[in-house]
Amino acid sequence: MINRLTKILLLAIVVFSSCQNVQQEEAQVVKLSGNDAELLINTYSNLLLTVKMAEEAVNRSALPGTRQLAITIRNDHQAMLDKLEDVANKHKADLPLDLTPQQLKQWQALVREKGIAFDKAYAAIVQENHDNNLVVLKSIMSKAENPSLQNVAKEINATAINHLQQGEELQELIENRRSRDTIMEITAVSFKQ
């Protein structure tokens, strides 16, 4: 009987102790400031859009270079989303689950394109989105109060600069290809006459 009471008492102590640990952990959670939360949400939202567009480019691009860049961006940005989710979870911040209406319009404009026009539109979007992301990331690195958010922004910034350069190279490749294809079409028409 004493042995059973001892086990129950020990179990009660363990349960009580673990409840106190959970309460202490919850009390230690530092909410993000309004500015930090807004920066986190904006960055996360932009990355959601670029991942969705990259998925389209992986499936629909006409050029292997576009597909390869899209795969790189999709994978890198998904890893970035995971890091931002860790920060959000750590600080109990809510993140968007889907695209905003404006982002949905951008995505719809892209998916209307076909062939080389799709690749060209995607290359332009890569540059535009990464330019925008770099502005937001610079803001986070200079204005964010939360060190973990600043650290993630620094990591993302380096990758965004790389993607921007790759997007510029892709756009140049597409322009050169388009010029060459146009010359070939004109030559083919000339020989038929």
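Visitor: What does Glu155 count as, at 39% relative accessibility?
Guide: Glu155 counts as partly exposed. Partly exposed covers what lies between buried, under 20% relative accessible area, and exposed, over 50%, with a 1.4 Å probe and protein chains only.

Visitor: What kind of model is this, and from where are residues numbered?
Guide: This is a predicted model in which residues are numbered from 1 along each chain as its sequence is written, local features need pLDDT of at least 70, and side-chain atom pairs count only at pLDDT 80 or more. Totals for chains, interfaces and linings use all residues, while side-chain values use heavy atoms, with hydrogens and water left out.

Visitor: Back to Glu155: which side chain does it meet in a salt bridge?
Guide: Glu155 meets Lys83, with an N to O distance of 2.2 Å. The pair links distant parts of the chain, as Glu155 is in helix α6 and Lys83 in helix α3 (residues 64–90), 72 residues apart. Lys83 is partly exposed, with a relative accessible area of 35%. A salt bridge here is a side-chain nitrogen of Lys or Arg within 4 Å of a carboxyl oxygen of Asp or Glu.

Visitor: How many salt bridges are found in the whole structure?
Guide: The search finds 3 salt bridges. Another one joins Glu175 and Lys120, whose closest N and O atoms are 3.1 Å apart. Glu175 lies in helix α6 and Lys120 in helix α5 (residues 115–143), so this pair ties together parts that are 55 residues apart in sequence. Glu175 is partly exposed at 31% relative accessible area, and Lys120 is partly exposed at 27%.

Visitor: And which residue forms a salt bridge with Arg60?
Guide: Glu56 does, and the closest N and O atoms of the two are 3.8 Å apart. Both residues sit in helix α2 (residues 34–60), and because they are 4 residues apart, about one helical turn separates them. An α-helix has 3.6 residues a turn, so residues three or four places apart point the same way. Arg60 counts as partly exposed, at 27% relative accessibility.

Visitor: How many helices and strands does the protein have?
Guide: The protein comes to 6 helices and 0 strands, and its pattern along the sequence is α-α-α-α-α-α. Helices (H or I, at least four residues) and strands (E, at least two) are DSSP runs, numbered from the N terminus. Of the 193 residues, 34% count as buried.

Visitor: How far does α3 reach from its first C-alpha to its last?
Guide: Helix α3 has 27 residues and reaches 39 Å, close to the 39 Å expected. The expected span is 1.5 Å times one less than the number of residues.

Visitor: Which residues are buried in α3?
Guide: The buried residues of α3 include Thr66, Leu69, Ile73, His77, Met80 and Leu84. The C-alpha atom of Leu84 is separated by 9.0 Å from that of Ile41, 43 residues apart along the chain. Ile41 has its place in helix α2 and counts as partly exposed, at 32% relative accessibility.

Visitor: What about Lys92, where is it found?
Guide: Lys92 is found in the loop between α3 and α4 (101–111). Its phi is near 55°, a positive value in a residue other than glycine. At 49% relative accessibility, Lys92 counts as partly exposed.

Visitor: Changing topic: which residues form the negative surface patch?
Guide: Glu128, Asp131, Glu168, Glu169 and Glu172 form the negative patch. Helices α5 and α6 each supply at least two of its residues, and the largest share, 3 residues, comes from α6. Patch residues have over 30% relative accessible area and no salt bridge; like charges are joined within 9 Å, and nonpolar side chains (Val, Leu, Ile, Met, Phe, Trp, Tyr) within 5 Å. Lys and Arg count as positive and Asp and Glu as negative, while His and the chain ends are not counted. The place of a charge is NZ of Lys, CZ of Arg, CG of Asp or CD of Glu.

Visitor: Is Glu172 buried or exposed?
Guide: Glu172 is exposed, with a relative accessible area of 54%, and is found in helix α6.

Visitor: Lastly, how far apart in space are Asn162 and His130?
Guide: Their C-alpha atoms are 9.5 Å apart, and the two residues are 32 apart in sequence. Asn162 belongs to helix α6 (residues 147–192) and counts as partly exposed, at 37% relative accessibility.

Definitions and conventions. Accessible areas come from the Shrake-Rupley method with a 1.4 Å probe; for residues, only the protein chains shown count as cover.
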